[in-house]
Amino acid sequence: MIPYCKYQQGIHTEIYHPNNIKPISVFSDIISTVEFNHTGELLATGDKGGRVVIFQREQESKNQPHRRGEYNVYSTFQSHEPEFDYLKSLEIEEKINKIRWLPQQNAAYFLLSTNDKTVKLWKVSERDKRPEGYNLKDEDGRLRDPSMITMLRVPVLRPMDLMVEATPRRVFANAHTYHINSISVNSDYETYMSADDLRINLWNFEITNQSFNIVDIKPANMEELTEVITAAEFHPHHCNTFVYSSSKGTIRLCDMRASALCDRHSKFFEEPEDPSNRSFFSEIISSISDVKFSHSGRYIMTRDYLTIKVWDLNMENRPIETYQVHDYLRSKLCSLYENDCIFDKFECVWNGSDSVIMTGSYNNFFRMFDRNTKRDVTLEASRENSKPRAILKPRKVCVGGKRRKDEISVDSLDFSKKILHTAWHPSENIIAVAATNNLYIFQDKVN
Amino acid sequence: MGEEEGLHQTQLLDTMFVRGLKRKCFDGEEDIEGTLAGFKAIPSYNLQRQSLLDMSLVKLQLCHMLVEPNLCRSVLIANTVRQIQEEMTQDGTWQMINTQSAGQTSLDRLVSTDILCRSSKEQAEGKLVPVYSTFTKDCEGTSQDNSEIMSTVTSPQVPKNLQSNMWEMENPQENRGSFQKSLDQIFETLENKSPNTVEDLFSEVDNSYYDLDTVLTGMMSNTKMGHCDLETFPSQTSTNSNSNCKSDLNELDHIVEILVES
């Protein structure tokens with residue numbers, strides 16, 4: 001077994017903000033996205049209520065070595081509010097679908113957050129000094145009577161308690177008719193893309209009132225619509241290349257140098273269907289819920305309902321690796337179709353070295369697959385079964401008749417407890433797992 | 001002989017469910033049990049397929065009206081519906097269901113639907129189960145109508161019409177209207193197409209289009225379609241009285257008056 005998760009810190013529905021003593025309810029809503037920044041110092045979460053909570057990793061301290069690397073709340077802000085589209089008489093949910101960090105270029109942090117319709121660029125910055133000694137106003141901010149001023153002084157900066165403030169710097173709105181499912185920052189750090197069910201738009205960070213449409217799969221006659229875009233991502237190094245996945249289990253790689261509208265793909269990845277497994281649910285379970293480039297840029301990983309597939313960019317006709325996430329659900333597809341679980345969109349992530357991949361499942365289980373050793377493990381993110389600094393015990397689902405003591409049978413799985421969103425630190429073995437409205441952070445035990 | 005039938009059953013059930021289900025049915029004793037299972041399996045595949053079709057149509061209808069429906073989910077369900085209908089057209093069960101007499105009570109089908117959707121106990125919390133249990137309850141009294149409902153006479157064109165009105169969320173107010181129209185079409189397809197039986201004339205004229213139970217129990221006759229859209233109806237139904245809904249209503253009243261007086 002992979003002895004990865006040896007230390008656990010649970011961040012549950014209450015957390016102590018570093019600047020106050022009173023606990024604040026951080027996760028009163030379901031977490032809808034989790035993302036580390038490029039250094040792993042910050043971890044951002046978005047929730048169904050439109051809020052973003054950013055955690056920061058504590059600096060290493062010799063005084064408290066066991067507290068190395070704990071994540072604490074750094075900033076909380078309301079990113080999106082619920083809106084009402086008067087034209088269509090429909091509500092626009094404030095749920096944060098995705099957060100993507102920009103690489104850090106100065107002291108401030110920048111991230112993109114999006115709901116179904118609007119992308120926003122947020123600046124998160126620290127303020128730990130404040131100017132004192134103004135001439136025209138006193139320390140409370142009240143204006144002084146000019147006739148009382150007898151001398152001039154230069155304001156000086158004095159230290160103050162750390163304050164983290166988030167300000168919206170750009171709002172990219174009104175560019176998507178359908179629901180945004182993905183955003184991806186380009187490696188040029190000047191542009192990013194946003195993808196909805198039928199279109200993908202390219203934005204420049206500086207320009208909010210226009211975007212370029214680079215993919216459009218909307219048919220002229222909507223009656224002919226049979227396929228939608230499910231996820232999209234830029235290549236990590238080649239700023240002209242991106243991929244997008246579809247509800248039919250296909251991935252298209254596009255090159256923006258080829259034409260302005262990338263409706264014709266450069267590469268088309270699809271695995272031929274296994275005729276022996278064909279059923280009425282085949283298409284639904286082949287729908288790709290997430291696509292991620294490896295850090296190397298050489299591979300892409302796709303998640304469909306039952307499997308994770310790793311593709312080599314140089315081979316389009318089939319994946320190089322396929323991992324079964326929860327194949328015991330294959331016989332339950334009709335029930336999962338009835339209760340809509342079959343439409344759950346699970347995400348998948350690479351570790352920093354692209355050697356391990358991770359995804360979520362039901363019953364608060366999540367799975368890790370080591371690509372080199374071909375070993376896999378099932379772990380559970382729950383309060384009852386994990387105590388701080390306890391080693392996580394591997395879990396097992398029993399499919400046959402005889403259930404061993406620690407195993408759980410398929411019929412006992414709780415399908416309301418699903419882990420859709422996970423994140424892996426860019427360089428270390430630290431993972432963040434969102435289980436409904438609880439966030440769990442696990443990491444390797446040091447020495 | 002049990003083995004040959006077992007093979008046939010395998011082919012049928014494999015196309016719909018996976019190995020797990022097949023093994024449950026056919027592994028183990030094969031002889032008499034296998035034969036019995038064989039007799040049950042052949043009609044039950046059609047029933048299962050039918051119930052999947054009905055479930056899918058219900059899913060398409062039960063969209064949250066406040067928030068825009070999830071397009072990916074709707075597309076996948078619509079594709080499933082189309083797939084089922086294509087297969088039903090290919091193996092001729094489409095016609096078979098059409099000409100099926102009212103002899104076979106639909107209660108059997110309703111029961112098997114219930115079993116199908118509750119294959120494992122924990123699925124009881126699935127939100128469609130209440131719908132089906134209501135379905136079963138309401139339909140107990142009216143077996144005649146139910147057999148006609150269950151024979152969903154949908155032409156392959158219907159999914160297109162479903163889609164055209166489901167996807168088009170772009171245009172303003174008329175989308176709400178067209179969404180309602182598409183719902184009407186869905187109900188239209190679920191109900192009886194040949195209202196010549198006496199029962200239909202006497203069935204309640206119920207205007208609650210969005211009352212799912214009412215629809216599925218066939219309490220609507222197809223002469224009540226108040227919001228018809230001539231252009232989007234499939235050609236099969238254009239010959240019906242839908243082109244002149246109001247006059248049909250008057251006609252119905254007239255007929256009822258005559259019958260009552262006599």
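Reader: How many helices and strands does chain B have?
Author: Chain B has 14 helices and zero strands. Helices here are DSSP runs of H or I with at least four residues, strands are E runs of at least two, and both are numbered from the N terminus. Keep in mind that this is a predicted model, where local features need pLDDT of at least 70, side-chain atom pairs count only at pLDDT 80 or more, and totals for chains, interfaces and linings use all residues. Residues are numbered from 1 along each chain as its sequence is written, chains are lettered from A and ligands numbered from 1 in the order written, and side-chain values use heavy atoms, leaving out hydrogens and water.

Reader: Thanks! What share of chain B is buried?
Author: Buried residues make up 50% of its 262 residues. Buried means under 20% relative accessible area with a 1.4 Å probe, counting protein chains only.

Reader: What happens just after H4(B)?
Author: Gly92(B) takes a positive phi of about 75° there.

Reader: New topic: which residues touch the most others in the largest nonpolar core?
Author: Of its 43 residues, those are Tyr305(A), Leu329(A), Leu336(A), Tyr337(A), Ile342(A) and Leu413(A). The largest share of this core, eight residues, comes from H4(B). A nonpolar core is a set of buried Ala, Val, Leu, Ile, Met, Phe, Trp, Tyr and Cys residues joined through side-chain atoms within 4.5 Å.

Reader: What does Ile342(A) touch?
Author: Leaving out residues up to four places away in sequence, Ile342(A) touches Phe281(A), Ile284(A), Ile285(A), Tyr305(A), Leu333(A), Leu336(A) and Tyr337(A). Contact means heavy atoms within 4.5 Å.

Reader: One last thing: where is Asp340(A)?
Author: Asp340(A) sits in the loop between H2 and strand S26 (348-350) of chain A. Its phi is near 70°, a positive value in a residue other than glycine. Most residues other than glycine have a negative phi.

Reader: Is Asp340(A) buried or exposed?
Author: Asp340(A) is buried, with a relative accessible area of 13%.
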